[in-house]
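Please look through the sequence and the structure shown here before reading further. The paragraphs below then lead through them step by step.

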Amino acid sequence: MDTMPKWADVILTPLISLVLAMAISALVILAIGESPVVALTTMIDGALGSSYGWGFTLYYATNFIFTGLAVMVAYHASLFNIGGEGQAAMGGLGVALVLLYLPLPHWALALPAAMIGAAAFGAAWALVPAWLQAKRGSHIVITTIMFNFIAAAALNYVLVNLLRPVGSMDPASGRFPESTHLPKLSDMALALGFEWGRNTPVNISFFVAVIACILVWLLIWRSRLGFEIRAFGKSEPAALYAGINPVRITVIAMLISGGLAGLMAINSVMGEAERLVLNAVEGAGFIGIAVALMGRNHPLGIVLAALLFGFLYQGGGELALWTSIPRELIIVIQALVILFTGALDNMVRMPLERIFLAMRNRGS
Amino acid sequence: EPALIFDLGGKFDKSFNEAAFMGAQRWAEETGGTYKELEMQSEAQREQALRRLAETGANPIVMTGFAFGDVLNQVAPDYPDTQFAIIDMVVEQPNVQSVVFTEEQGSYLAGIMAAMASQSGTAGFIGGMDIPLIHKFECGFSQGFKAVKPDGAVLINYTGTTPAAWNDPVKGGELAKAQISQGADVIYAAAGGTGIGVLQAAADAGILSVGVDSNQNHLHPGKVLTSMVKRVDNAVYDAFTNGVQPGVKVMDLKAGGVDVAIDDNNQPLITPEMQAAIDDARAKIASGEIVVHDYMTDNTCPVQ
Amino acid sequence: MDATVQNGGRPAAAAPAAIELRGISKSFGPVQANRDIDLRVEKGTIHGIIGENGAGKSTLMSILYGFYKPDAGEIRLGGRPMTITDSQAAIRAGIGMVFQHFKLVQNFTVLENIILGAEDGRLLRPSLSRARGVLRQLARDYELNVDPDETIEELSVGHQQRVEILKALYRRADILILDEPTGVLTPAEADHLFRILRGLRDEGKTIVLITHKLREIMEITDTVSVMRRGEMVASVKTAETSPEGLAELMVGRKVLLNVHKAPARPGQAVLEVCNLKIVDDTGVERLRGIDLTIRAGEILGIAGVSGNGQTQLLEVLGGYPEKGSTLSGEIRVNGTLLSLSGRTCNAAERRRRGIGHIPEDRQVEGLILDFAAWENVAFGYHDAPEYSRGPLMDHDAIRRDAAAKIQRFDVRPPNCYLAARNFSGGNQQKIVVAREIERNPDLLLIGQPTRGVDIGAIEFIHKRIVDLRDAGKAILLVSVELDEIMSLSDRIAVMFDGRIMGERLPADTTASELGLLMAGVDPTFRQPEPLTQDP
Amino acid sequence: MDLNTVIQILDSAVRLMTPLLLACLAGLYSERAGVFDIGLEGKMLMAAFSAAAVAALTGNVWLGLMAGLLGSLMLSAIHGLASITFRGNQLISGVAMNFLASGLTVLLGQKIFGLGGRTPTLTPGAELEAQVTPFRIWLSGITGPDAAGWLTATPRLSDITLPLAETLRPVPVIGPLYAEVISGHSILVYVAFLMVPLTWWVLYRTRFGLRLRAVGENPASVDTAGVSVTRLRFAAVAIAGLLCGLAGAYLATGLSAGFVKEMTAGRGFIALAALIFAKWRPWGALGATFLFGLLEAVANRYPNLDLGIVTVPSMFMNALPYILTVIILAGFVGRAIPPRAGGEPYVKER
Ligand SMILES: Nc1ncnc2c1ncn2[C@@H]1O[C@H](COP(=O)(O)OP(=O)(O)OP(=O)(O)O)[C@@H](O)[C@H]1O
Ligand SMILES: Nc1ncnc2c1ncn2[C@@H]1O[C@H](COP(=O)(O)OP(=O)(O)OP(=O)(O)O)[C@@H](O)[C@H]1O
Ligand SMILES: [Mg+2]
Ligand SMILES: [Mg+2]
């Protein structure tokens with residue numbers, strides 16, 4: 001049972017794991033003939049050293065919070081949703097259609113409308129796999145993988161043939177109307193009278209993400225539906241015994257999951273690019289898996305993991321931008337962080353437990 | 001100090017980013033100067049990279065790829081003293097030079113050569129990701145081919161709809177083999193890293209291929225008919241050396257912006273008639289006698 | 001009270017003990033499961049071990065089997081000190097163990113399970129054919145019949161247990177440890193098992209038997225040890241003790257071994273089942289027309305060998321018939337017809353109609369093992385108004401309620417934040433019972449209420465069931481324990497092959513009569529029912 | 001559709017399915033032993049790189065193959081360490097392996113060859129010559145020139161013509177089918193196909209297979225039988241590594257001639273899908289991967305399906321294999337039950 005105080009498990013273990021990951025990363029950097037110190041300071045400086053860096057870190061984190069939450073909700077129903085990528089792409093399409101075709105005079109109107117569009121499209125893209133899983137038993141892992149590919153093809157078709165302004169090279173939609181542009185956090189800071197994060201893409205969607213975390217927390221741990229989702233996820237026979245309908249829970253959980261993944265688009269498509277580009281998701285759907293698992297499928301953990309990945313993305317981007325270190329190094333560092341904090345955590349926890357047990361035995 | 005920003009494909013994309021890199025390198029070697037170069041990780045970094053470079057005083061700033069167009073349009077007005085050059089896209093700002101290539105013209109020449117080299121009357125085109133830009137290559141190639149062999153056929157394949165389509169030599173090879181089995185004996189690959197697989201499959205099958213963007217004739221000497229070179233390197237070199245003149249710079253056949261590469265590796269494949277046909281077409285395109293249709297103008301291709 | 005018996009039931013004079021444990025200690029993190037334990041078991045005897053849930057019995061035997069490593073202590077077998085580092089070593093030393101939860105591969109055949117880990121060579125074929133032969137021999141010698149080519153999931157638990165025993169015998173075990181072997185067996189199966197065990201003992205094998213059932217201890221063991229809270233509190237000759245004495249040693253207080261209940265005063269009919277039939281998705285008829293009535297204030301016990309439709313009956317009444325099955329017939333509760341399919345046929349709806357349900361398998365159905373105790377107390381009733389505050393659940397209210405129920409039902413430890421997984425089986429069962437009984441349902445469905453539960457807890461659970469009856473509620477009790485059925489029920493129905501074979505009053509019947517009914521023989525008609533299924 | 005087209009499509013399907021089949025069987029061993037592996041993609045990629053890199057450096061594809069196996073095995077070892085020894089989350093570990101391979105291959109490739117993560121093309125030519133020469137000189141210093149010549153023989157896997165292929169060709173239907181579809185593939189294709197019956201045999205006819213299946217269904221049964229769960233699972237994960245190694249090596253040195261970054265292009269995930277499709281059975285794996293290969297080959301052959309009234313756009317044809325997979329899965333395959341202990345680290349309990 002509890003051999004270790006909770007703080008040690010929640011803070012100490014991940015911290016030591018992170019240090020280990022960084023140590024190995026340093027070795028890799030040394031091996032390719034670069035300086036780990038320079039690399040680390042560039043990353044920290046670039047991602048956390050200024051409001052500018054934070055602006056990007058938070059922007060990426062916002063994406064990862066949405067996709068992480070998406071994976072988490074499904075995971076609690078014991079459904080492994082690898083389809084965040086496709087659902088987020090479709091969410092982008094929803095946002096684009098709403099903003100391009102609905103006359104929305106102000107962002108305060110556009111945001112809820114776009115959120116509905118994003119969530120609806122994302123959820124719709126999750127619906128078929130969910131329904132097939134619930135009714136036909138088709139494995140959701142395969143169907144969601146397939147739906148990622150199908151989404152890519154569909155989006156490509158829509159962008160190239162339907163939404164692309166004539167004569168444009170770029171397989172991207174036209175720009176959304178000026179009136180629908182979301183306020184950036186930098187603008188909000190200026191309105192409050194100080195300068196923060198000028199020219200960074202982080203925008204009001206960040207707060208939407210935070211609110212989403214709270215709502216998801218309420219949903220999963222405070223609502224009856226969440227109780228049923230978790231119960232079903234732990235044991236299907238028990239769920240039946242308790243009168244929980246497996247089909248209903250599977251479909252609802254996946255709809256919520258897909259909707260959350262789709263919501264990512266309000267940050268990347270509406271908030272940042274302000275138009276729909278082909279590659280708007282950029283793997284955030286897959287990062288969401290790592291974020292959810294590392295965040296131990298809890299919104300708070302997901303926020304922390306998303307921040308960590310936001311930091312790695314922005315810090316790594318800075319590394320690629322301003323040093324001669326190849327950008328693939330960041331992928332290696334990400335891999336090591338995922339590995340050590342997510343999969344090798346027991347390597348740290350086991351000795352720690354032994355230490356704490358020894359301390360307690362000596363104490364008593 | 002000039003600066004160069006690569007598109008997401010990265011500077012070693014076996015395609016136009018790599019060509020841009022070569023141009024910058026040439027400039028650096030010749031002048032002994034230094035330049036800044038940036039490789040991005042994500043879409044959101046486009047603006048970041050532009051602003052940061054402008055703020056650190058880099059000038060001119062050259063970027064490759066149409067995807068920068070939208071962002072540049074936003075950013076350029078904020079830095080009126082900085083000169084920008086964008087490749088493959090038109091951005092109308094007073095301090096931006098837009099460099100566009102007439103890929104259809106170069107591809108047209110490649111099409112002529114393919115038609116003349118083809119025994120079977122069937123050629124193949126393999127594109128990377130299915131996007132309008134690549135259709136421009138495809139359409140120019142088909143026009144050139146049909147100009148010589150109106151009854152011939154051009155088989156068309158695209159590798160995929162995700163960025164993975166640029167890096168799938170295995171699929172490239174399979175597509176080439178499928179086209180070969182349908183009679184294609186010259187295959188034009190406009191597919192980045194995927195094209196490597198196409199050229200390989202063609203060489204393995206003993207048929208000819210056409211490379212793209214940079215000169216790929218050396219990859220399989222004697223097996224690559226030619227390469228449709230797109231002189232992004234020249235554009236970058238020019239911008240670095242002579243600075244940037246706002247407005248649209250059309251790098252067409254006449255300006256040496258596009259061409260078919262002929263060197264020691266493919267010289268034996270070029271018959272005198274072929275050479276004559278190319279020279280003739282080149283002249284007629286320059287004079288305007290032949291107008292190669294640009295797919296981008298109306299999203300259609302006159303020949304199929 | 002540390003009397004070590006020198007001799008078992010058989011004369012073996014000065015021979016060294018088959019098993020001798022000295023000073024065994026074992027802790028799991030902060031929990032000390034075994035504390036300085038000594039145990040001596042003579043060769044050719046059956047030795048019983050009893051103790052409350054969580055006393056450390058399974059842990060001790062797992063150490064002997066090399067499954068856990070002791071923190072301290074010594075193991076001697078046949079007088080020789082042994083270091084048993086893993087199960088392989090234990091097997092080599094001639095020890096076989098049948099775990100409380102079987103260690104069988106569900107989708108393997110019997111034969112494959114038997115040879116697993118004891119194959120003759122790299123290829124399976126020779127091992128399989130030799131095992132087939134050995135199995136035939138063992139089946140003849142010990143009446144251990146199982147079809148070697150059947151997969152485990154198709155076997156009844158009783159047969160699965162035979163496979164476990166065969167596994168040990170195939171490995172030539174001289175010492176056989178059985179952990180709560182009868183928990184899942186019918187009386188007939190248990191009797192059969194004991195015959196086998198006696199046979200093995202008579203051949204000179206040594207048997208250690210962990211059980212919660214004092215009747216079994218008295219019936220079959222030669223010597224018995226009692227454990228409490230990780231310590232060995234006594235080892236005595238069975239002949240020199242009594243059930244009451246053992247119970248007191250075990251629990252530390254006097255235990256009532258028989259249920260005292262007033263005569264029933266039945267009221268109106270609460271449950272009426274009429275011609276209920278179920279055909280499952282493979283086309284097999286699982287219920288063949290059940291008729292029964294339970295009135296307020298009475299307990300109807302359903303006896304029967306497991307697998308004769310009791311599970312299906314409970315599931316249908318509980319509102320969740322097996323997927324793909326076809327139902328017909330009528331069920332009325334308090335006069336209202338219940339739907340047998342569609343959206344209104346679910347467990348939540350049944351609860352709303354006042355049907356409570358203690359399921360047969362607490363770990364698979366009754367509890368979510370990873371949920372805290374308080375969440376499990378709300379499980380199934382999580383949308384009850386008193387647990388809700390607006391759209392959300394009122395956790396404080398649930399916890400208060402859970403703490404009170406845990407208190408009243410003496411769940412140990414009385415910690416409603418602990419995950420259900422971390423309670424012992426007996427206490428897990430108390431959580432389920434508390435949840436269902438305290439809802440005061442008009443009709444309570446009960447399946448195997450005391451499986452694997454220690455006598456202290458059994459006494460408690462039985463009392464609560466009787467209290468509910470006395471409060472005027474109707475109770476359907478399904479159990480394979482004849483003792484339990486006989487002592488709790490006001491009427492007894494016997495199920496066989498999807499039918500009710502007959503109904504008896506407990507006072508007018510005997511265990512042997514019920515046993516015959518359970519086997520499909522109706523003694524009153526002296527005419528055996530056809531054992532084959534209807535076409 | 002004439003015979004030639006059919007033959008071409010089948011031939012292409014065989015090539016396309018081979019890496020999928022190897023990876024699918026890799027997943028089969030691992031998951032049958034209870035260790036989920038979504039890192040198939042990463043292992044293949046690592047193997048593709050190692051194989052191409054060493055083949056480019058030594059000019060010898062067999063050394064390359066060895067390196068490919070080692071590269072993949074290395075990731076397997078990490079996966080095993082994380083998910084078996086330290087009982088970590090198998091899915092996270094798999095994700096990490098994919099990232100690791102994706103980054104490391106390019107990083108190492110750039111460090112060694114400076115071609116931006118690409119390896120030199122594995123066909124005789126200047127690019128390769130420049131890499132191989134130092135090795136050849138070093139080698140001939142040790143072994144003398146003759147052995148060096150042999151050791152640096154082929155940089156790329158060549159296709160094998162089966163006996164009688166040409167003799168039988170004139171026989172109608174069967175002849176061309178044999179000569180084109182069955183004969184004329186790289187040795188690894190035949191290895192992959194032989195792996196199917198072999199895997200079946202190992203799984204269902206040997207002691208190792210029995211224990212492997214048992215450890216994926218109920219590790220406690222294996223543990224109480226005195227067999228090490230850890231060792232069995234490591235063995236399974238190692239076999240998975242070897243098979244992924246073959247798959248990756250085939251991609252880089254058989255199907256194409258060299259490594260290009262991210263060249264696995266999602267094949268590991270498709271293999272995973274095929275594995276579930278196959279319900280974790282060897283013959284099923286053959287069928288499922290053949291189906292995927294066939295669908296892709298058909299889509300390659302008919303990029304724009306002209307149905308008279310409408311022309312199906314190429315994007316749709318590109319997505320067709322995935323759409324059909326979903327339809328087939330929904331319509332015909334039904335519920336796939338994974339190995340019962342899959343994904344769960346084994347912790348002793350009673
Ligand atoms: N795997 C384990 N991890 C942690 N603690 C354990 C474990 N197994 C047993 N324990 C502890 O050891 C104690 C003894 O458990 P054990 O299973 O031996 O009891 P038992 O006498 O067999 O109970 P029961 O009659 O319910 O089977 C328990 O109270 C528990 O705290
Ligand atoms: N993983 C665990 N960690 C900590 N304690 C545990 C764990 N598993 C079981 N226990 C403890 O072990 C004790 C006995 O648990 P066990 O699983 O033997 O219950 P149970 O006795 O099996 O039920 P039954 O005998 O009725 O089947 C309990 O007190 C419980 O607290
Ligand atoms: Mg026990
Ligand atoms: Mg127990």
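What follows is a guided reading of this model, which is a predicted one.

Chain B and chain C, by contrast, do not touch, and their nearest C-alpha atoms are 39 Å apart.

Chain D carries a set of annotations from a record. An unreviewed UniProt entry places the feature "transmembrane region" at several stretches of chain D, including residues 51–78 and 234–257. In the model, residues 51–78 of chain D are 93% helix and 0% strand, and the C-alpha atoms at the two ends of the span lie 19 Å apart. Residues 234–257 of chain D are 92% helix and 0% strand, with end C-alpha atoms 32 Å apart.

A:A118 belongs to helix α5 of chain A, which covers residues 107–136. Is A:A118 buried or exposed? A:A118 counts as buried because its relative accessibility is 0%, and buried here stands for a value under 20%. Leaving aside residues up to four places away in sequence, A:A118 touches A:G91, A:G94, A:V95, A:G262, A:L263 and A:I266. A:A118 and A:V269 are 151 residues apart in sequence, but their C-alpha atoms are 10.0 Å apart in space.

The second residue, A:S205, lies in helix α8 of chain A, at residues 205–222. A:S205 is also buried, with a relative accessible area of 0%. The side chain of A:S205 makes a polar contact of 2.5 Å with the side chain of A:N203, and the side chain of A:S205 also reaches the backbone oxygen of A:I266 at 3.3 Å. Residues up to four places away in sequence not being counted, the residues that A:S205 touches are A:T62, A:F66, A:L182, A:I266 and A:N267. From C-alpha to C-alpha, A:S205 and A:M115 are 9.9 Å apart, although 90 residues separate them in sequence.

B:Q216 is placed in the loop between β9 (208–213) and β10 (224–230) of chain B. Although it is in a loop, B:Q216 counts as buried, at 6% relative accessibility. The side chain of B:Q216 reaches the backbone nitrogen of B:V212 at 3.1 Å. Not counting residues up to four places away in sequence, B:Q216 touches B:K14, B:L199, B:G211, B:V224 and B:S227.

Chain C also has an annotation from a record. The UniProt annotation "domain: ABC transporter", from an unreviewed entry, covers residues 19–254 and 271–522 of chain C. The span 19–254 of chain C is 36% helix and 27% strand, and its end C-alpha atoms lie 31 Å apart. For residues 271–522 of chain C the figures are 33% helix and 27% strand, with end C-alpha atoms 26 Å apart.

Which protein atoms are donors of the magnesium ion (ligand 3)? They are OG of C:S58 and OE1 of C:Q100, lying 1.8 to 2.8 Å from the ion. C:S58 is in helix α1 (residues 57–64) of chain C and C:Q100 is in the loop between β6 (95–98) and α3 (110–115) of chain C, so the pair ties together parts that are 42 residues apart in sequence. C:Q100 also bridges the magnesium ion (ligand 3) and the magnesium ion (ligand 4), which lie 2.7 Å apart. C:S58 is buried, with a relative accessible area of 11%, whereas C:Q100 is partly exposed at 29%.

Helix α8 of chain C (residues 243–251) has several buried residues, namely C:L246, C:A247, C:L249, C:M250 and C:V251. The buried residues of this helix pack against β3 (46–51), α7 (214–220), β9 (223–228), β10 (231–237) and α15 (455–470) of chain C. Just after the helix, C:G252 takes a positive phi of about 85°.

The model has 12 cavities of 30 Å³ or more. The second largest cavity has a volume of about 110 Å³. Of the 13 residues lining this cavity, the closest to its centre are C:Y65, C:M97, C:E164, C:K167 and D:T224. β6 and α5 (157–170) of chain C each supply at least two residues of the lining.

Methods: Residues numbered from 1 in each chain as written. Chains lettered and ligands numbered in written order. Predicted model: local features only at pLDDT ≥ 70, side-chain atom pairs only at ≥ 80, totals over all residues. Heavy atoms only, no water. Helix = DSSP H or I, 4+ residues; strand = E, 2+ residues; numbered from the N terminus. Buried < 20%, exposed > 50% of the residue type's maximum accessible area, 1.4 Å probe, protein only. Polar contact = N/O pair within 3.5 Å; in protein donor to acceptor, adjacent residues only side chain to side chain. Contact = heavy atoms within 4.5 Å. Donors = N, O, S within 2.8 Å, 3.2 Å for Na, K, Ca; no water. UniProt positions renumbered as here; feature names shortened; annotations may be inferred. 1 Å grid on protein atoms, 1.4 Å probe; cavity = no way out; pocket = protein on both sides within 12 Å on 5 of 7 lines; lining within 4 Å. Points joined across faces, edges and corners; volume = space filled by probe spheres on them.
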